[in-house]
Amino acid sequence: MGTEAAGELGATVRELREAYEGGRTRSVAWRQAQLRGLLRLLREEEAAAFQALHRDLGKHYAEAYRDEVGVLIKSTNGALQQLGKWMAPERVWVPLIAWPATAQVVPEPLGVVLVFSCWNVPLGLSLEPLIGAIAAGNAVALKPSELSPCTAKFLADNIGKYMDASAVKVVQGGPEVGEQLMEHRWDKVLFTGSPRIARAVMAAASRHLTPVALELGGKCPCIFDGDAMASARDVQVSVNRIIAGKWSSCAGQACIAIDYVLVEERFAPVLIKVLKSTLKRFFPEADHMARIVNERHFKRLSRLLKDKDVAPSVLHGGAMDANNLYIEPTILLNPPLDSAIMTEEIFGPLLPIITVKKIEDSIAFVKAMPKPLAVYAFTRDAALRRRIVDETSSGSVTFNDAVVQYAIDGLPFGGVGQSGFGQYHGKYSFDMFSHKKAVMKRGYLVELSLRYPPWDESKVTLMRYLYRFNYFAFVLSFLGLRR
Amino acid sequence: MEAVAAAAEAREQLRASFASGRTRPAAWRAAQLRGLLRMAAEMEAEICAALRADLAKPRTESYVHEISLVTSSCKFALKNLKKWMKPNKVPAGMLTFPSAARVSAEPLGVVLVISAWNYPFLLAVDPVIGAIAAGNAVVLKPSEVAPATSALLADLLPRYVDGSCVRVVEGGIPETTALLEQKWDKIFYTGNGKVGRIVMSFAAKHLTPVVLELGGKCPVVVDCNVDLHVAAKRIASGKWGCNSGQACISPDYIITTKCFAPKLLDALKRVLDKFYGKEPLRSPDLSRIVNSNHFNRLQALMDEETVADKVVFGGESDEQQLKIAPTLLLDVPLDSTIMKEEIFGPLLPIITVDKIHESFGVINSMSKPLAAYLFSNDSMLKQQFEMNVSAGGMIFNDTAIHLTNPHLPFGGVGESGMGAYHGTFSFDAFAHKKAIVDRSFLGEATARYPPYTPAKLKILKGVLKGNPVAMVQAIAGFPGGA
């Protein structure tokens, strides 16, 4: 990277730090103003946002609203409503031995934070963290992905217009810019993306002891329990939701999209039949599903499909249009478990269906894979549900639907193990970008001299009682009425 | 390499134990915690002896600062275990109606705890308490700089807790590096920033989350309107009464006004005389410096050219015993080494300013410490201190004691670390809070699904905005058909 560009970046970071040190991001008024500015941005620039998302990903505006713009409006309103509560110190209990004293946990901003977002939900993954970082009183640098350039430009053009341009900045560019940014010291970094880059980000952060949060992905399994369906309607509803959780989520390019399905052998035919017919109804034309983000990912996905051991398992779809970067919804049945499509995160519109003898076997199958961001299961069987919760580990578990957990802002959103660490959404976003400072206030009135040297056995005895909260014995001993 | 093989073996064994599900039931966790309680009670004499060998720690400090804190930590965990393990219901909101949502804590798996030498019993066992309460298998790597305590822990833990799930691995740099190269589900490190960076960079390779409990220069600001005698006692207690200043939350240096400094100095001298007598090097109530490396380091801090003539009290040392007397220094230059590095010893510099508010600038010019202290009765000053000084924790009119409150998170910020523990925070540090959503098959909102139409979008918008009419429409399956 040229020294001129590096210098510019340095100036950007300095400006953010000066804005924060100046103190204005701390006030409630500033935070509210930014959040209101964001709301105005989302409302007034909705058409431009839809256009950017359509250009970058072929996202239909309904999907764009449902998954990005609409959720962001809801989150921003939620933050505005809850801000006072989130910022308030929390009083905590103080043991009697410390009387008189008060103790509180006081949230404070971390300072200047960096948010790396991803290309697949480019608006949502940039602005949802921004809401939290601002609500928490930080100055923020936002680095959108260069793989969704129209959205990156949309953000660069509008954030400064609607928000405090010297305390909230958008930095555009590719991997070199990301690397340069990580040369600087941040007070927190949130990274959404792939494990490979996450390792580099965390390693760079360790040089400055910068705490990080990593939102990664994984192969999110969907267990379809054909036995525990009450009716054909249940099956239809499940299939609707599976389709929504796969192809309606940016054509499967979502960290919480269903990656693959597990089903008992005997129910596979019914599932496949209903999937096929519903797909026809939901996607009469190509433009109701997003396209593949770029040529590199298109090639990656076609390699997954064209693998000679995998190609025979394609049951439905498989047609690819390289010019329009479009791959039609594709279903595979039992591709080899060691093929790339079953070992890598698919992140595309290909759905492998893996059959098992008994549905309970799917639990061991899921456990053998790295922990994903989400586990899904369609079943009315409470015992199976309990086993799934207890025996598998993932960021989240959703029963009888997919992806919707994203919109419940009372729930923490984040991974575990290979799917990452750190959680946000709702109050968790505020917490992610805050330091919870422990504050204890004491008076001078009561002095327990037994705290101080010179030590002797009687002092220790008194302390034993106190530390066991045996105040009665303490008082007696103190008064010399007990040995 | 032997160390590598040992590390891999420990991890593999614990992984198998964890996978077997042994550590999950509340009964197992409670049994381990009770084992630790028994250990602290039955082995009090041995623990005090090890601490005396490692640090010449007075028995009172060993009991009050280490053993009793481990005991209360175990009891707190035992008392709250069921509550912590119970899922928390969360309102699911209208968007996904009808549905139920909850957050459930699950163990991360197999975790690594690396502890420090200054409170070698407490800082080893306290994190392990949290790890066990959260249902994990644990490897503990005690500090080799406190060898007697390390050996004692290696001997005692297998006798009091389930050795198939809780292992102690002793050793120095090669053994620690070998452990760090393995993949853990969390790493909890207590120590200094230099090694903290190394731990985090190892963790990055495996995307392992970390808690780093580091240190810093904990400032004490002393205002002139305080009860001087009590303040001096509390400062002295937090400094020399905590392992002779070798504690991450010990007052590192004092800032006070030029006019108040002489009074403060006098008060401190009187208190020190009372606590440790005329010959502090002979007082059994003073810990020694942990080893000759640190002794020489501290000696060098005192002997530095611009600092040596600022010693106004104490300064004596005994290399044989590795003891340094409580030492006060007045107005050392801010660029001297003693003011640039964490002291971690019995030297207490007093910096003077013209107006007490200038102390904020001094503090904020340094990196964020683990704790900051203010002695004052001026509520305006206190408010400003709370607002403008960032630290892991803060106490007004006392020092160090916040770590005994299990309801307060104990951890740093910036250079003083990341993450927190104690009480519920210990459990949280070692648990994954899993979000769980139970949706019903009812409430099919066809507006969600393609093919998308303007009518569907209108309903979606209404639902996302919380418009009840739109919600009813959505749930009733408008705009009709699938």
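Which residue of chain B forms a salt bridge with A:Asp401? The partner is B:Arg448, and the closest N and O atoms are 2.9 Å apart. A salt bridge here is a side-chain nitrogen of Lys or Arg within 4 Å of a carboxyl oxygen of Asp or Glu.

This is a predicted model, in which local features need pLDDT of at least 70, side-chain atom pairs count only at pLDDT 80 or more, and totals for chains, interfaces and linings use all residues. Residues are numbered from 1 along each chain as its sequence is written, chains are lettered from A and ligands numbered from 1 in the order in which they are written, and side-chain values use heavy atoms, with hydrogens and water left out.

Start with the interface. Chain A brings 106 residues to the contact and chain B brings 99 residues. Contact means heavy atoms within 4.5 Å. The buried area is about 8700 Å², and carbon and sulfur atoms give 61% of it. That area is the accessible area (1.4 Å probe) that two parts lose on being put together, summed over both.

The rule finds 7 salt bridges between chain A and chain B. It also finds 45 residue pairs in polar contact across this interface, both residues at pLDDT 80 or more. On the side of chain A that touches chain B, 54 residues are nonpolar, 25 polar and 27 charged. A polar contact is a pair of N or O atoms within 3.5 Å; within protein, one must be able to donate a hydrogen and the other to accept it, and residues adjacent in sequence count only if both atoms are side-chain atoms. Ala, Val, Leu, Ile, Met, Phe, Trp, Tyr, Cys and Pro count as nonpolar, Asp, Glu, Lys and Arg as charged, and the others, Gly among them, as polar.

Strands also cross between the chains. Strand β16 (residues 396-399) of chain A runs parallel to strand β18 (residues 431-439) of chain B, joined by 4 bridges. A:Phe399 has B:Asp438 as its bridge partner. Strands (E, at least two residues) and helices (H or I, at least four) are DSSP runs, numbered from the N terminus. Two strands pair if DSSP finds at least two bridges between them.

Now look within chain A. An open sheet of 6 strands has the order β5-β4-β3-β6-β7-β17, with mixed pairing. β5 (168-170) and β17 (420-421) of chain A stand at the edges with a single partner strand each, so one side of each has no neighbour in the sheet. Inside this order, β3 (residues 112-116) and β4 (residues 139-143) of chain A run parallel, joined by 5 bridges. A:Val113 stands opposite A:Val140.

Finally, some loops. In chain B, the peptide bond from B:Phe97 to B:Pro98 is cis, with omega near -10°. B:Pro98 sits in the loop between β1 (88-90) and β2 (99-107). Another cis peptide bond joins B:Pro450 and B:Pro451.
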